[in-house]
Amino acid sequence: MQQAEIGLIGLGVMGSNLALNIAEKGNTIAVFNRTTARTAEFVGEAGDLAGNVIGCNTIEEFVAAIRPPRPIIIMIKAGEAVDQQMDALMPFLSGGDIMIDAGNANFRDTMARFERLKDTGLTFIGMGVSGGEEGARHGPSIMVGGTEESYRRVEKVLTSIAATYEGDPCCAWLGTDGAGHFVKTIHNGIEYADMQMIAEIYGILRDGLGKSAPEIGHMFGAWNKGRLNSYLIEITEKVLAATDPVGGKAMVDIILDRAGQKGTGKWSVIESQQMGIPATAIEAAVAARSLSSMKTEREAAQKIFGLEAAKFALPAGAKLEDDLELALFAAKIAAYAQGFAVMAAASREFGWKLPMPRIAQIWRAGCIIRSQFLDEIARAVTATPDAANLIVTPAFADMVKLSLPALRRVVAAAVTAGLPVPALSSALSYFDAYRQARGTANLIQAQRDFFGAHGFERIDGVDRPHGPWGSGAL
Ligand code: 6PG
């Protein structure tokens, strides 16, 4: 058999699917798994594709099966296991070989690994892969960080397996070292916000208006045909329509309201705070997941405080459905604007030169946040690359003007009814604060100066940076 074009270590669900996708696109792939029985099982499962798969039982055999310089995808649990795998591989590799971490790694770990390999002749790629199990099997969105040269070695294979949007592969080299994993992290941060905002609209419909899961699902189905058209809205419709095979109730109604999280949302928030870029909708979404996990505390608190008796103030009907759709749309704009602002700041901070239009383009298909909306973002950031924020680009400014009143009505009604809408209300406050030429930080500055003599700038240009807070002046 000819040498493999690429290798893959880790035949879990994501690794297996990625390997099958690679083989299906006509590439020969060598595979290795720590538990070797899994390798044999995988080759068996590959069926017709087995001809393109070289199953290997030892690292030596695996490395020898790949054409140098060898690209090796490591698809295992993020964290220390990746370093251990790298250590195990290193003695067998030679100059130019490329280790590719395709898990959801923290980009700071990726940068450290990239640095660690710098003087070894080996190179490291941090590769964000989005699209879940299905995406890995049939076409993910792929975000690559590493040297451009190493990307060129794998470009053909990666573009062959990526999802396509109108023929354009959703795969790109985004910059050096941690660029790919950083962009994937922000993708996930936006994913958190998107999901939380959808859940809040669901909460309004369920708890404020007494709608059943199938009724709500039906609404999401209708919205999926319009401006909200996206994978997450599509699966929300499907989820809400599903019936539990065990008890026959709506599936969603018997799922415990405690959300998991593996870290990417939290990292998005930490990094945005580090750089001083507000990502309030993402922050609210991450915090909402944390609060969701405090089930026992919430149960105890409900016993003490009860729930608000106020009804959701907006009457059910077509007008409300339009408002909810537009509210979700407005909030979505804020979340994406924040995510793109964080990436722009990181690009400057880490010297990546992140290609914003390309990022939006490779998110149009394959990934979890895929949508038509991303094509509009791609067009806006291409037309006005120097805009300070997505919401001030002409196309998005018009969308915000159209949808903001609905977001305001929905948030106001939800807040009055005691329905939690942390992400929707954060998005609204972000707009309100961002467009306020004169805010209230003058008072913060005065307070800081009062208790700590931190000084302030005056609006009249007079050079007197402290207030008259001393005993004589007060
Ligand atoms: C994707 C997903 C994927 C995964 C995350 C979810 O882009 O394909 O984001 O990476 O579903 O691990 O993360 P949480 O478990 O934190 O929700």
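This is a predicted model: local features need pLDDT of at least 70, side-chain atom pairs count only at pLDDT 80 or more; totals for chains, interfaces and linings use all residues.
Two strands pair if DSSP finds at least two bridges between them.

**View 1. Strands β5 and β6 pair in the parallel sense.** The pairing joins residues 98-101 of β5 to residues 123-130 of β6. It runs over 4 bridges. Isoleucine 98 stands opposite threonine 123 in β6.

**View 2. An open sheet is built from 8 strands.** The strand order is β3-β2-β1-β4-β5-β6-β7-β10. Pairing is mixed. Strands β3 (53-56) and β10 (171-175) form the edges, each pairing on one side only. On average, neighbouring strands of this sheet are turned by 25 degrees against each other, direction ignored.

**View 3. Two helices pack on the sheet.** Helix α4 (residues 80-89) touches β1 (6-9), β4 (71-74), β5 and β6. The direction of α4 makes about 150 degrees with that of β4. Helix α7 (residues 148-161) touches β1, β4, β5, β6, β7 (141-145) and β10. The direction of α7 makes about 155 degrees with that of β10.

**View 4. Helix α4 has four buried residues: Val82, Gln85, Met86 and Leu89.** Seen down the axis of α4, these buried residues fall within an arc of 100 degrees, so they line one face of the helix. An α-helix has 3.6 residues a turn, so residues three or four places apart point the same way.

**View 5. The buried residues of α4 pack against strands and helices.** The strands are β1, β4, β5 and β6. The helices are α3 (59-64) and α5 (107-117).

Note on methods
Residues are numbered from 1 along each chain as its sequence is written. Side-chain values use heavy atoms; hydrogens and water are left out. Axes are lines fitted to C-alpha atoms, for helices over the stretch in contact, and angles run from 0 to 180 degrees between N-to-C directions. Contact means heavy atoms within 4.5 Å. Buried means under 20% relative accessible area, exposed over 50%, partly exposed in between (1.4 Å probe, protein chains only). The arc is that of the directions from the helix axis to the C-beta atoms.
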